[in-house]
Amino acid sequence: MAILITPTTKILIQGITGEFGARHTRLSLDYGTQVVAGVTPGKGGQHFEHQGHRVPIFNSVAEAARATGATVSAIFVPPPFAGDAILEAVDADLDLAVAITEGIPIRDMIRVKRAMQGRRTRLVGPNCPGLVTPGTGPGSKGGCRIGIAPGYIHRPGRVGVVSRSGTLTDEAVFQLTSKGLGQSTCVGIGGDPVNGTSHLDVIKLFNADPETHGIIMIGEIGGSAEVEAARWVREHCRKPVAGFIAGATAPAGRRMGHAGAVIGGHEDTAAAKIAIFRECGIEVAATPSDMADALLRSAAARGIKLS
Amino acid sequence: MNIHEYQAKALFEKYGVPVPRGAAARSQAEFATALAQLPEGPTMVKSQIHAGGRGKGTFTNGFKGGVKFCQDKVAALAMAGNMLGQTLVTAQTGPAGRRVQTVYFTVASDIKKEYYLAILLDRASSRPVIVASTEGGVEIEKVAHETPEKITKVRVDPAYGLADFQVRDLIAALGLTGAEAKNAAKLIRNLYTCFWETDAAMVEVNPLITTPAGEVLALDAKVSFDDNALFRHPEITALRDLNEEDPKEIEASKYALSYIALDGNIACLVNGAGLAMSTMDIIKHFGGTPANFLDVGGGASKDQVIAAFKIILGDPNVKGILVNIFGGIMDCNVIAQGIVEAVREVGLKLPLVVRLEGNNVEAGKATLAASGLTLVSGDTMADAAQKIVRLVA
């Protein structure tokens, strides 16, 4: 089991013919992911070809989903049009829309999020690396890779990873795999201040997933999403959780690459978040090199096996 | 992106948010023309820099106060000469301060009472929030901490926009009645439209004032914009003042590098924002101090790495460099080649620690080893950080 996506999940790519979308579609196909359709308005009827794969391209998401049974979309559409692309996936009633695009105006996301209320589609992102549920083949091939994560560093297993940062997720996954700990699913929720799925949403899913035995939560300065998740963990989660917060040295009020990572109030500094993690029984990684070890400490303290 | 007070007030006027009459001057020669646009009488002289705390700031020549009240225009003209071209240090500028390149003259308003009004994003609800307080002209953080009951927040539903009842709630919270209430309601609506239509990240009016004549005015104006939305606002992009930005940050943005200068002595070059932030953190954890934040992005090229090295070395405080690359998708060998070329081109003399991991890492490490350069290799982030901290100490 895994959360949100499994190796049999059928996905479509919005923006499959753009350079960025095409590159990562090829990598996902190489990984063994079921990429069944692409969407580029005006290019319907063409095909995306890669090493024997022939992925049909459609003019709209609804058409693509109807024809192929795709239930999840990965969105690589450029920022000015990405909000519209998300709404199109929502309108087609997909299960999940994963917005990889970085640089979507905040106002667009405010409107998109409001328009999604009451709809069935879940949004992950934007400005996120996407999701990976590792497969059982060599280098975890045969898994489901949605987005831009390097598939080969994963191994199938029992640790769930949720993070706002792409490269820090890679760092955590690499540490886990190096220590022989595989992953159930890794979810990059993205660095933007207005996004879809939160840390808490993912933690709840991991908590309910019998195959996930431990969780790594990676956060940043800014906002209160990690704090909200930590308080829920204290009340409801019986699985070991390790946490890391990036940005202890960031100066207040400066944007550190991620639009969401601007320190505003007193509870969104790294020190405040780390203190709350500790209060909530989350094992804090002292440095980013310590993430997998922190989870091992937490699991050992509870007598839980992660491998 | 931030803009100056005088630019923000011009924007306010365009949206029907009343401000005291004012005029800006960029040179001594322009002082008289600017002042001629204002009526006789008490005049404010305000240094224009992108930082708060101007009133309590001190110029590097010893002159105190970046915002001054003058009895008349003659005094204002003389006062402006004390500010223009001088460097103002405030609580927000850092010790280096900022050079005042524009002076703004405004009519000195009669103040009945000061209030606070701001609009920004409420991350928890993903909606714009209007923040208002009866405590104006002071630091809002202090009010929030000491007397939170004096702050009212109204979250706006983006599907409907600002509703009448919400404006009434704000007016009631500010305790305004009669003509003041009517004028404030119009101001709040117009300020919200300004925030929404310009893709502002924040508009802050501190203080918002009432006058004995029943007027409601934005006495100060601080506006910043969502960088992601600038592509659809060329008229706002044109307000960018490069004098207010670190030249190294401007250079970095030309190469799509995200760079922020800090005051430490260990420079870092990293891919990914989260990894870059935590690289700074781990340097600090092992007793060093980071000189910068630098994210070369997910698909760094050789040219970007070379540009990054040059920018890092433009900071005279730098005593050592830590390169931390997790190349999940990007080819580590390309990064390694970039490092070798950059080190040769700039003739690097400082200690350099490189931690490479990921795609094609063996080839990357071989390239570094074969280069004959004196660099130290780090196995993990912790190992690399400890090594550079030792080398710089």
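How many salt bridges are counted between chain B and chain A? The count is four. The legends below describe a predicted model.

**Figure 1. The interface of chain B and chain A.** The contact draws 53 residues from chain A and 48 residues from chain B. The area buried between the two chains is about 3,900 Å², and carbon and sulfur atoms give 61% of that area. Three residues, Arg123(B), Met277(B) and Ile329(B), supply 18% of the area that chain B buries against chain A, more than any other three residues.

**Figure 2. Polar contacts and the elements of chain B at the interface.** Across the interface of chain B and chain A, 16 residue pairs are in polar contact. Several elements of chain B give two or more residues to the side that touches chain A, among them the strands β9 (127-133) and β14 (258-261) and the helices α6 (178-197) and α13 (381-392). The largest share of this side, 10 residues, comes from α9(B). By type, the residues of the side of chain B that touches chain A divide into 21 nonpolar, 14 polar and 13 charged.

**Figure 3. Two salt bridges between the chains.** Arg355(B) forms a salt bridge with Glu171(A), and their closest N and O atoms are 2.8 Å apart. Arg355(B) lies in strand β18 of chain B and Glu171(A) in helix α5 (residues 166-178) of chain A, so this pair joins two chains. Are these two residues buried or exposed? Both Arg355(B) and Glu171(A) are buried. Another salt bridge is formed by Asp199(B) with Arg107(A), where the closest N and O atoms are 3.5 Å apart.

**Figure 4. A salt bridge within chain A.** Over all chains, the structure holds 33 salt bridges. In one of them, the side chains of Glu211(A) and Arg158(A) meet at 3.0 Å, N to O. Glu211(A) is in the loop between α6 (199-208) and β12 (214-220) of chain A, while Arg158(A) is in strand β10 (residues 156-163) of chain A; the pair therefore ties together parts that are 53 residues apart in sequence. Glu211(A) is partly exposed, with a relative accessible area of 30%. Arg158(A) is also partly exposed, with a relative accessible area of 28%.

**Figure 5. Salt bridges within chain B.** Glu345(B) and Lys310(B) form a salt bridge in which the closest N and O atoms are 2.9 Å apart. Because Glu345(B) lies in helix α11 (residues 332-346) and Lys310(B) in helix α10 (residues 302-313) of chain B, the pair ties together parts that are 35 residues apart in sequence. Glu345(B) is partly exposed at a relative accessible area of 48%, and Lys310(B) counts as partly exposed at 43%. Elsewhere, Glu5(B), Lys9(B), Lys46(B), Arg54(B) and Asp220(B) are joined into one network by salt bridges that share partners.

Figure 6. The domain assignment of chain B gives domain 1 (21-107), domain 2 (113-237) and domain 3 (247-392). The C-alpha centres of domain 1 and domain 3 of chain B lie 42 Å apart. Where in chain B is Gln37(B) placed? Gln37(B) is in the loop between α2 (28-36) and β2 (43-47) of chain B. Setting aside residues up to four places away in sequence, Gln37(B) touches Arg21(B) and Ala23(B). A polar atom of the side chain of Gln37(B) lies 3.5 Å from the backbone oxygen of Thr33(B). Gln37(B) and Thr106(B) are 69 residues apart in sequence, and their C-alpha atoms are 9.8 Å apart in space.

Key
Residues are numbered from 1 along each chain as its sequence is written. Chains are lettered from A and ligands numbered from 1 in the order in which they are written. This is a predicted model: local features need pLDDT of at least 70, side-chain atom pairs count only at pLDDT 80 or more; totals for chains, interfaces and linings use all residues. Side-chain values use heavy atoms; hydrogens and water are left out. Domain bounds come from an automatic or database domain assignment. Helices (H or I, at least four residues) and strands (E, at least two) are DSSP runs, numbered from the N terminus. Contact means heavy atoms within 4.5 Å. A polar contact is a pair of N or O atoms within 3.5 Å; within protein, one must be able to donate a hydrogen and the other to accept it, and residues adjacent in sequence count only if both atoms are side-chain atoms. Buried area is the accessible area (1.4 Å probe) that two parts lose on being put together, summed over both. Ala, Val, Leu, Ile, Met, Phe, Trp, Tyr, Cys and Pro count as nonpolar, Asp, Glu, Lys and Arg as charged, and the others, Gly among them, as polar. Buried means under 20% relative accessible area, exposed over 50%, partly exposed in between (1.4 Å probe, protein chains only).
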